[in-house]
Amino acid sequence: MLSVHNSQLLIFNYDHKQDDMNPIYIKALKLISYVGMDGVVSVFPSRKNKVATTRFPLKVNRSTTESDIIIGVFDTGIRPELASFSDIGYAIKIIGAQYFKANGTHDPEDIQSPRDSDGHGTHIASTAAGNTVRNANLLGLHSGTARGGVPRARIALYKVCWTNGCSDVDVLSAFDAAIADGVDIISASIGPESVMAPFLDGFSIGSFHAMMKGILTVQSAGNDGPSPQTTTSIAPWVLSVVAGTKNPDLITPVRLGNNMVVDGVSVNPFTLDRLYPLVYAGDVPNNVAGFNGSTSRNCGNNSLDKNLVQGKIILRDCLSTGEAEMGRFMAFSGPDFESYHLPVSVMNFDKANNIFQYIRSTRNATSVIMKSEDVTNASSPYVASFSSRGPNRKITNILKKATPVTNFHSIQPDLTAPGVRILAAWPPVAPISLAEGDHIEVPFNMISGTSMAFPHVSGIAAYIKSFNPTWSPSAIKSALMTTASLMSAQINTDAEFAYGAEVYDADEVDYLTFLCQQNYSTHYIRIITGVDVSCSELMKQTKDLNYPTFVIPTMSNVAIDSNFSRTVTNVGSATSTYRALLTQPRVGGLRIQVEPNIQHFEEYGQKLSFKVSVQATIQNLDNPIVSGGLTWDDGVHQVHIPIVVH
């Protein structure tokens with residue numbers, strides 16, 4: 001079908017497999033002739049996108065100006081009757097709600113309204129801007145007061161995600177509506193299945209048009225980690241966020257019959273009354289159905305002998321949703337970010353091996369999975385294993401990483417925020433686990449993902465906007481990136497590519513120049529921006545994108561000598577002096593120079609420029625990242641900019 005949005009974007013919604021003999025594909029090609037018509041920016045296939053799921057105590061000075069801020073949430077819907085969205089104290093909390101489904105087809109599970117039956121959108125909206133709710137908990141876990149990052153802000157909900165995904169055509173319709181509605185921040189946990197060039201990514205296109213209207217878009221980076229170059233949020237005008245751990249967090253101890261206690265992790269609200277027999281899944285295969293220990297150890301469907309596992313705790317080797325044939329309880333080694341409807345503890349291989357060795361040491365192994373409890377994790381914060389990483393595959397000189405803001409961290413991705421076992425509002429109609437037949441109803445749920453991380457940043461961005469209504473999206477973004485806390489490189493071994501980065505401002509012309517510098521043709525730039533540009537004119541003056549990171553891609557054993565220029569805007573004390581502090585590890589021969597190394601501001605809003613030169617050589621392919629940093633320090637404030645050679 002065809003959809004024209006505000007006479008700007010023309011999208012053809014069809015199965016985008018490029019089959020030259022497919023008559024629908026041929027018809028799509030003919031539609032390219034529409035480009036050039038008045039009001040038509042581009043024609044491209046509407047692809048399916050996905051959401052990125054697997055306590056946020058922002059302590060700030062509250063202001064009534066927050067209630068003037070509107071956060072636009074693109075997701076699966078919202079449940080307005082929940083306490084997190086109550087109108088008490090507001091004229092209206094949810095200031096608007098719309099839904100978009102261009103192809104007109106719905107699955108039986110879909111609710112044809114902005115109401116949420118999935119839970120994802122409700123969870124995200126309450127994390128960003130939910131009201132204060134006392135005695136929030138998940139079946140007794142993490143009990144306390146829940147509230148969003150900016151609880152007095154308003155919410156505008158745009159339902160674009162359904163049972164079968166989130167189509168470009170619906171996402172772009174939502175961008176048009178949100179821009180027209182005048183939202184202040186767009187918050188979206190939506191991304192393509194794989195990394196796309198900006199001119200093929202509806203989200204990059206829509207967010208550029210939002211940026212031109214002064215609206216910052218915050219996006220989750222994706223859940224395809226821990227491999228590098230997996231982040232799907234790559235556009236430099238978008239603030240992308242990955243998931244990190246938080247304090248306090250949960251542990252789920254397992255006590256063995258020999259009184260050894262092995263700590264695992266999970267969301268386990270269940271309390272068992274005694275020790276139960278303990279077996280290893282590889283020892284109890286369903287031989288009648290043709291399974292053996294090599295397959296039953298993973299607890300595949302019907303792979304276990306029901307008679308041998310009933311009423312027992314099972315040690316198994318990888319993830320499952322807890323089908324009935326597994327018996328009543330289980331403990332296993334594997335991923336730790338799913339919810340289950342029976343007692344579970346997840347642990348790494350070494351800890352699980354202690355349990356395995358105990359099973360082998362006795363003929364009557366027993367254990368009990370204990371209820372999860374809050375603990376302080378000395379290693380936090382660190383980036384979750386599931387979080388997508390940089391570097392940016394499509395735009396190699398933009399440091400899409402990940403550093404923290406108080407509890408938050410940023411290259412792309414730009415920042416890391418708490419995203420592991422986050423407690424937030426939940427519609428009772430949505431199951432809390434992936435298990436079939438799970439009918440537990442709760443008003444709050446605890447889930448993990450970059451989807452749970454990015455609304456924290458959306459809330460902070462909205463808070464900054466409430467006090468600085470004239471700031472550009474890039475100014476808000478750089479304020480977060482340059483003041484984020486740095487994460488430990490010993491714990492986060494993928495360094496800046498997993499964690500964020502005065503303010504560094506950039507406008508529409510800066511981004512157009514940047515796209516020209518990436519050697520995109522004027523045709524592709526028009527697809528992204530809707531603007532006819534002359535790259536030859538824009539590039540007459542050599543100009544770096546004023547981005548608060550420095551990144552240099554290179555080859556092994558090739559000496560690099562790169563120079564950058566940046567311009568900062570004083571948004572602090574009218575009179576202030578900043579001095580450059582450099583971090584220069586000896587590895588890779590990294591050498592950084594800054595000129596000038598002192599910035600003296602004499603008025604608010606004053607702009608000053610500086611240049612950075614970087615020399616380095618990467619010789620060790622086992623550690624192909626050399627990183628340092630520049631920090632501007634006035635004795636009170638520190639503005640950090642990472643410098644990375646990879």
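Tutor: Let us begin with a definition, since a disulfide here is a pair of cysteine sulfur atoms within 2.5 Å. Please keep in mind that the model is a predicted one.

Student: What makes Cys-516 and Cys-535 a disulfide?

Tutor: The sulfur atoms of Cys-516 and Cys-535 are 2.0 Å apart, and the cut-off asks for sulfur atoms within 2.5 Å, so the pair counts as a disulfide.

Student: Why is the disulfide of Cys-516 and Cys-535 called left-handed?

Tutor: The torsion about its S-S bond is about -75 degrees, and therefore the disulfide of Cys-516 and Cys-535 is left-handed. Because Cys-516 belongs to helix H10 (residues 508–517) and Cys-535 to helix H12 (residues 535–538), the pair ties together parts that are 19 residues apart in sequence.

Student: How do you know whether Cys-516 and Cys-535 are buried or exposed?

Tutor: Buried means under 20% relative accessible area. Cys-516 has 3% relative accessibility and so counts as buried, and Cys-535, with a relative accessible area of 15%, is buried too.

Student: How many disulfides does a search of the whole structure find?

Tutor: The search finds two. Cys-161 and Cys-166 form a disulfide as well, with sulfur atoms 2.2 Å apart, and both of these cysteines are buried. The torsion about the S-S bond of Cys-161 and Cys-166 is about 110 degrees, so this disulfide is right-handed.

Student: What makes a group of residues a nonpolar core?

Tutor: The residues must be buried, belong to a listed set of types that includes Phe, Tyr, Ile and Trp, and be joined through side-chain atoms within 4.5 Å. The largest nonpolar core has 105 residues, of which Phe-74, Tyr-158, Ile-190 and Trp-237 touch the most other members. Helix H8 (residues 450–467) gives the largest share of this core, nine residues. A second, separate core has 24 residues, among them Leu-590 and Ile-641.

Student: Which residues does Trp-237 touch, not counting residues up to four places away in sequence?

Tutor: Among them are Phe-208, Met-211, Leu-216, Tyr-511, Leu-515 and Ile-528, and the list also includes Lys-477.

Student: Why is the pair of Asp-283 and Arg-360 called a salt bridge?

Tutor: A salt bridge needs a side-chain nitrogen of Lys or Arg within 4 Å of a carboxyl oxygen of Asp or Glu. Asp-283, at 39% relative accessibility, counts as partly exposed, and so does Arg-360 at 45%.

Student: What joins Arg-79, Glu-81 and Arg-115 into one network?

Tutor: Salt bridges that share partners do this. Glu-81 forms a salt bridge with Arg-79, where the closest N and O atoms are 3.3 Å apart, and Arg-115 forms a salt bridge with Glu-81, where the closest N and O atoms are 2.9 Å apart.

Student: How do you know whether Arg-79 and Glu-81 are buried or partly exposed?

Tutor: Buried means under 20% relative accessible area, exposed means over 50%, and partly exposed lies in between. Arg-79 has a relative accessible area of 8% and is therefore buried, whereas Glu-81, with 47%, is partly exposed.

Terms used:
Residues numbered from 1 in each chain as written. Predicted model: local features only at pLDDT ≥ 70, side-chain atom pairs only at ≥ 80, totals over all residues. Heavy atoms only, no water. Buried < 20%, exposed > 50% of the residue type's maximum accessible area, 1.4 Å probe, protein only. Helix = DSSP H or I, 4+ residues; strand = E, 2+ residues; numbered from the N terminus. Contact = heavy atoms within 4.5 Å.
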